[in-house]
There are 2 protein chains.
Amino acid sequence: MLNLNWLQTFVTLVDTGHFTHTAEKLFMTQPGVSQHINKLESACGHALILREKKSFDLTEQGRLVYQYAQQLLMSEQHLFEQLIFDNPDEGECKLACSGALALMLYPKLLSVQAEHRKLVMQLKAAPNHEILNAINTGDIDLGIVTNMSSDAQKSSDFTVEQVGHEALCLILPVKYEAQPITEQLLIDLGLISHPDAKHYLSLYFSQSQLPFFTNTRLEEIPKTGFVNQINQILLPVAKGLGFTVLPQSIVDSFNDQESLTIFKPDKPVIEMLYLVKKRNRVLPARFEQVSSLIKSSLLAQIE
Amino acid sequence: MLNLNWLQTFVTLVDTGHFTHTAEKLFMTQPGVSQHINKLESACGHALILREKKSFDLTEQGRLVYQYAQQLLMSEQHLFEQLIFDNPDEGECKLACSGALALMLYPKLLSVQAEHRKLVMQLKAAPNHEILNAINTGDIDLGIVTNMSSDAQKSSDFTVEQVGHEALCLILPVKYEAQPITEQLLIDLGLISHPDAKHYLSLYFSQSQLPFFTNTRLEEIPKTGFVNQINQILLPVAKGLGFTVLPQSIVDSFNDQESLTIFKPDKPVIEMLYLVKKRNRVLPARFEQVSSLIKSSLLAQIE
DNA sequence: TGTTATTGATAATTTTTTGTTATGAGGTGG
DNA sequence: CCACCTCATAACAAAAAATTATCAATAACA
């Protein structure tokens with residue numbers, strides 16, 4: 001392994017072209033410089049300089065090592081700067097949320113990044129449990145999840161903050177507009193499924209006070225479609241091929257609203273949104289603006 | 001300064017999450033691991049891990065250092081690979097030649113680079129003495145120059161190889177086509193100057209056996225223009241604003257040939273082209289294809 | 001062309017750093 | 001609750017690095 005001190009000495013030597021001057025510059029003795037170069041050479045397995053008379057020339061390997069060393073010393077300096085100053089406009093933000101929220105949030109995050117090019121936004125759409133898992137391993141810095149309950153036993157590992165809520169909609173083809181919803185109707189129509197469909201469905205029926213489907217019987221609904229592209233889920237519904245359950249925001253952003261009908265339950269179905277990070281983790285300064293952006297976006301949506 | 005061994009230990013520790021396992025993996029003892037981490041932390045001036053119970057969490061600084069260390073270890077490995085294997089298709093080629101030759105060579109060099117994206121061609125157009133100087137300092141790996149004579153005293157510092165020659169042309173506006181060339185005509189017409197004009201002029205008159213301009217009187221020719229864009233020098237000549245001296249290849253690549261007339265001296269004026277590198281310097285493998293490309297290009301041009 | 005001053009290499013010695021062993025405190029799991 | 005595992009600490013041994021004291025080779029200069 002290449003010792004950084006040797007590299008520093010080597011760079012200075014190449015710059016000055018002079019062993020003694022290098023020693024003075026680095027507050028060491030001249031034999032020390034010779035030794036550093038010798039050690040570096042044997043660590044590299046190659047001669048780095050060709051000594052001739054008083055001066056020397058770089059070998060090709062010497063050039064490579066010189067380039068490498070310069071980069072290295074620069075990047076170490078950069079690291080130290082990062083360590084002492086937590087720049088709010090620089091660094092990676094690894095975020096995760098549901099596909100529905102990603103659809104809304106990603107453009108806003110990107111406009112922040114457009115202003116601060118060194119602030120790199122990474123947004124991953126994933127189901128709840130995967131988000132929590134990724135936060136735990138440190139793959140994700142900050143996540144937005146819906147229900148914390150099912151992972152409650154782990155919840156002590158997280159810092160959770162409620163940041164908003166979103167209405168869930170039961171969506172059918174427009175031709176059922178005037179019809180009363182029955183369990184049999186839904187079974188006949190079939191479900192257009194998607195990654196969060198199961199979770200949304202059980203949430204919807206348990207909250208909406210509709211006397212349909214106890215949890216055990218949700219499986220009985222036939223699946224007449226599946227997509228994991230959030231903005232394409234409503235296409236088959238619009239074409240009359242099935243029903244589905246999605247957050248309000250997805251429905252709002254769909255082009256062909258006239259082909260859909262949204263069922264109005266007696267009691268609106270709301271899912272809570274939680275901003276989650278790892279417990280004890282103090283996020284860098286850049287997450288200030290990110291989380292306030294998230295909060296204001298989610299609040300604005302409720303209006 | 002951050003010791004590479006400490007960083008290696010730190011990375012392994014973060015990966016395993018386990019001091020003892022880290023020690024085993026790196027063939028050291030467990031207290032050694034503890035010490036490495038302590039030293040790294042004090043060198044960074046920050047806690048890198050938060051020890052709690054048996055396990056630990058990374059601090060934000062720890063994350064930064066981890067990222068940095070991973071990059072570093074990777075790039076050191078890359079360096080070693082470069083040192084043992086001189087890849088003919090990877091690396092920088094820093095070349096220099098006259099503007100005229102650059103015009104011809106650069107497209108060819110770029111088509112080589114297009115095939116081998118890691119082979120980066122850097123071509124600089126510069127006058128002779130600047131090229132020799134840059135080769136001497138190591139800023140340029142390989143150069144093409146015309147006359148070595150004036151820097152002959154230094155020539156022992158270089159390895160020189162003749163690689164071709166190029167005809168020099170005296171170019172006038174087409175309206176002088178039928179006219180005999182006299183010294184007075186040139187003075188009346190005026191010189192369209194460019195960076196190599198003086199050198200080309202003295203070469204031309206000393207070789208062409210025209211009884212014009214002893215070197216001392218070259219200065220008397222009035223300058224009626226100047227450009228340092230090689231492919232724009234002939235524009236003012238075509239418009240009748242002056243004469244100039246340029247290599248044949250530049251004339252050939254000019255669009256508006258009909259507006260020019262090229263003087264035919266009794267004895268054609270040739271300037272030799274030399275491929276020059278620093279003496280004793282063994283260039284990396286990638287220069288094989290570069291110099292054979294240069295040679296074949298210059299030979300092809302002579303035909 | 002001697003003569004002196006510089007420059008870098010080498011060897012021996014000292015100092016500093018690093019790694020190991022021995023041990024202990026705190027936590028875990030059967 | 002006991003045996004075990006994990007990491008921290010201190011004392012010591014080993015290795016690495018720096019320094020001093022030289023020397024040979026070259027350059028500079030009278």
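Trainee: Which way does α1(B) pass α4(B), in a left-handed or a right-handed crossing?

Mentor: α1(B) passes α4(B) in a left-handed crossing, where left-handed means that the near helix is turned anticlockwise from the far one by less than a right angle, and right-handed that it is turned clockwise. Helices here are DSSP runs of H or I with at least four residues, strands are runs of E with at least two, and both are numbered from the N terminus.

Trainee: Before we go on, what sort of model is it, and what do the values rest on?

Mentor: This is a predicted model, in which local features need pLDDT of at least 70 and side-chain atom pairs count only at pLDDT 80 or more, while totals for chains, interfaces and linings use all residues. Residues are numbered from 1 along each chain as its sequence is written, chains are lettered from A and ligands numbered from 1 in the order in which they are written, and side-chain values use heavy atoms, with hydrogens and water left out.

Trainee: Back to that helix pair: at what angle do they pack?

Mentor: Helix α1 (residues 4–16) and helix α4 (residues 60–84) of chain B pack at about 115°, with their axes 9 Å apart; the axes are lines fitted to C-alpha atoms, for helices over the stretch in contact, and angles run from 0 to 180 degrees between N-to-C directions. Contact, meaning heavy atoms within 4.5 Å, involves residues including B:Leu7, B:Phe10 and B:Val14 of α1(B) and B:Val65, B:Ala69 and B:Leu73 of α4(B). The residues of this contact divide into eleven nonpolar, three polar and two charged, counting Ala, Val, Leu, Ile, Met, Phe, Trp, Tyr, Cys and Pro as nonpolar, Asp, Glu, Lys and Arg as charged, and the others, Gly among them, as polar.

Trainee: And what is the angle between α1(A) and α4(A)?

Mentor: α1(A) and α4(A) pack at an angle of about 115°, with their axes 9 Å apart, and the crossing is left-handed. Among the residues making that contact are A:Leu4 and A:Val11 of α1(A), and A:Tyr66 and A:Leu72 of α4(A).

Trainee: Changing topic, how many residues of chain B touch chain A?

Mentor: 35 residues of chain B are in contact with 34 residues of chain A, and the area buried between them is about 2,900 Å², of which carbon and sulfur atoms give 57%. Buried area is the accessible area (1.4 Å probe) that two parts lose on being put together, summed over both.

Trainee: How many salt bridges between chain B and chain A?

Mentor: There are four, a salt bridge being a side-chain nitrogen of Lys or Arg within 4 Å of a carboxyl oxygen of Asp or Glu. One joins B:Lys278 and A:Asp57 (2.9 Å, N to O), and A:Glu60 forms a salt bridge with B:Arg281, the closest N and O atoms being 2.4 Å apart. A:Glu60 lies in helix α4 of chain A and B:Arg281 in the loop between β11 (269–278) and α11 (286–302) of chain B, so the pair joins two chains.

Trainee: Last one, where is A:Gly225 found?

Mentor: A:Gly225 is in strand β8 (residues 223–226) of chain A, and its C-alpha atom is separated by 7.5 Å from that of A:Pro236, eleven residues apart along the chain.
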